[in-house]
Amino acid sequence: MVKNDPFANATKQVNDACDIIGIKDKELRKYLAMPNKVLRVKIPVKMDNGKIRVFTGFRSQHNNDRGPYKGGIRYFDPEGGVEYMEREVMALSSWMTWKCAIVDVPLGGGKGAIYVNPKTEKLSEGELERLTRGFAFKISEIIGPGKDIPAPDVYTTGKEMTQIMDTFSKLNGNVYSPGVITGKPISMGGSLARNVATGLGAAYTVREAAKALKISLKGAKVVLQGFGNASTFAGEYLEKMGAKIIAVSDSKGSISIPKGAKVSAILAHKEEKGSVVGFPGSTKISTEELLTTKCDVLVPGALENQIDAKIAKNLKCKIIAEAANGPTLPEADPIIYQKKILVIPDILANSGGVCISYLEWVQNNMGYYWSFDEVANKMEKNITKGFKDAYELSKKHKIDMRKATMVLAVERVLEAFDQKGIWP
């Protein structure tokens, strides 16, 4: 039994959507919830000291009714251990299916992971490369431009994606295959706007939510939980829309900045000192105090299971934009809805990454590349339409946005499933 099982949470969301749509067939519900395939591999790596270490890796392929599997590869060591990671990867692949459907890109859901934390374990560049290429070898039979297209995630970058692409190409007769993976450096076939995609997409959804609630973003107060790529770029683009950042956190602590501060200034402090803690004019606070700070927009951009029922009762925001995957526990959703806080769920709020990944894949496959503005504009159209479609459904069925986005996504996957039918 896995504590705070993320896949149980993902399955509940599917069943909630089925309840609203009126799907009673248990086998169809099972089909929608369960991954098509979960591959668990062992990866032996020769370490710099000459010893062999065996790592555990996963690739979950959830659903490909609307197109090839798509989803990141993370290197991480969650507290629940390897068994928790397997359930986590299954959940994340499920959420990726719905994420692709809600923004209407023709891809399905996948997710991969290796149980290791390269940051705390301080793996050398050589060890990381051997691990990455070893994992690519193990999953090479199930990935490909028309099968499954991985991407970077927690503690992976364009460098690892290039190594996976290179390994895959070598295993397939040295055929150049940039479309096997996304999140690559520009020089290796990557897409412009990829580095800002998740944060920019989250900012677009906040903008649309503010319009729906008739809230001006000029002077709006924003709290960022986590200070990685998604949160920092979300903060920067919200600043450009007129908002100000009044509290932030990273893995070493949380701070309150009542007068507000520029993301660039906080980032410069973090780069110099190694943490946002100690930023001039700030006060150190707890994680709970950060999440319950009075503000207009809360952006949970750290890890899963951050907002439970206790925290939900004390929230003092108007909009929650889930830049992280699964930051809110199911027990918190009804409390938040009752408080009339508009939640932009993760499958919509952080869908900018998969939108740009899709556009990178398209560019790779056709061998023609767009400008930054062209890519950003295409992403904006998908995300804006996804928000509006989900918001209309939430009003029509009188349900929260999480359920509305799931209803919309499940309906779109079911439409494709019905069209394809079942073949042996």
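The structure holds 30 salt bridges. It is a predicted model.

- Side chains of opposite charge can pair when their charged atoms come close.

**Helices H1 and H2**

- Helix H1 comprises residues 6-21 and helix H2 comprises residues 26-33; their axes come within 10 Å and cross at roughly 135 degrees.
- H1 is therefore oblique to H2, because angles over 145 degrees count as roughly antiparallel, 65 to 115 as roughly perpendicular, under 35 as roughly parallel, and the rest as oblique.
- The crossing in which H1 passes H2 is right-handed.
- On the H1 side, the residues that meet H2 are Phe-7, Thr-11, Val-14, Asn-15, Cys-18 and Asp-19.
- On the H2 side, their counterparts are Arg-29, Leu-32 and Ala-33.

**Helices H3 and H16**

- Helix H3 (residues 81-102) packs against helix H16 (residues 401-420) at an angle of about 85 degrees, and their axes are 8 Å apart.
- The two helices are therefore roughly perpendicular to each other.
- H3 contributes Thr-97, Trp-98, Ala-101 and Ile-102 to the contact.
- H16 contributes Thr-405, Met-406, Leu-408, Ala-409, Val-410, Arg-412 and Val-413.

**Helices H5 and H6**

- Helix H5 (residues 125-139) and helix H6 pack with their axes 9 Å apart, at an angle of about 45 degrees.
- H5 and H6 are therefore oblique to each other.
- H5 passes H6 in a crossing that is right-handed.
- From H5, the residues in contact are Glu-125, Leu-128, Glu-129, Thr-132, Arg-133, Ala-136 and Phe-137.
- From H6, they are Lys-159, Glu-160, Gln-163, Ile-164, Asp-166, Thr-167 and Leu-171.

**A nonpolar patch on the surface**

- Three residues, Ile-186, Leu-192 and Phe-372, form a nonpolar patch on the surface.
- Together, Ile-186, Leu-192 and Phe-372 have about 240 Å² of accessible area.

Note on methods: Residues are numbered from 1 along each chain as its sequence is written. This is a predicted model: local features need pLDDT of at least 70, side-chain atom pairs count only at pLDDT 80 or more; totals for chains, interfaces and linings use all residues. Side-chain values use heavy atoms; hydrogens and water are left out. Patches are made of residues with over 30% relative accessible area and no salt bridge: like charges are joined within 9 Å, nonpolar side chains (Val, Leu, Ile, Met, Phe, Trp, Tyr) within 5 Å. Accessible areas come from the Shrake-Rupley method with a 1.4 Å probe; for residues, only the protein chains shown count as cover. A salt bridge is a side-chain nitrogen of Lys or Arg within 4 Å of a carboxyl oxygen of Asp or Glu. Axes are lines fitted to C-alpha atoms, for helices over the stretch in contact, and angles run from 0 to 180 degrees between N-to-C directions. Helices (H or I, at least four residues) and strands (E, at least two) are DSSP runs, numbered from the N terminus. A crossing is left-handed if the near helix is turned anticlockwise from the far one by less than a right angle, and right-handed if clockwise. Contact means heavy atoms within 4.5 Å.
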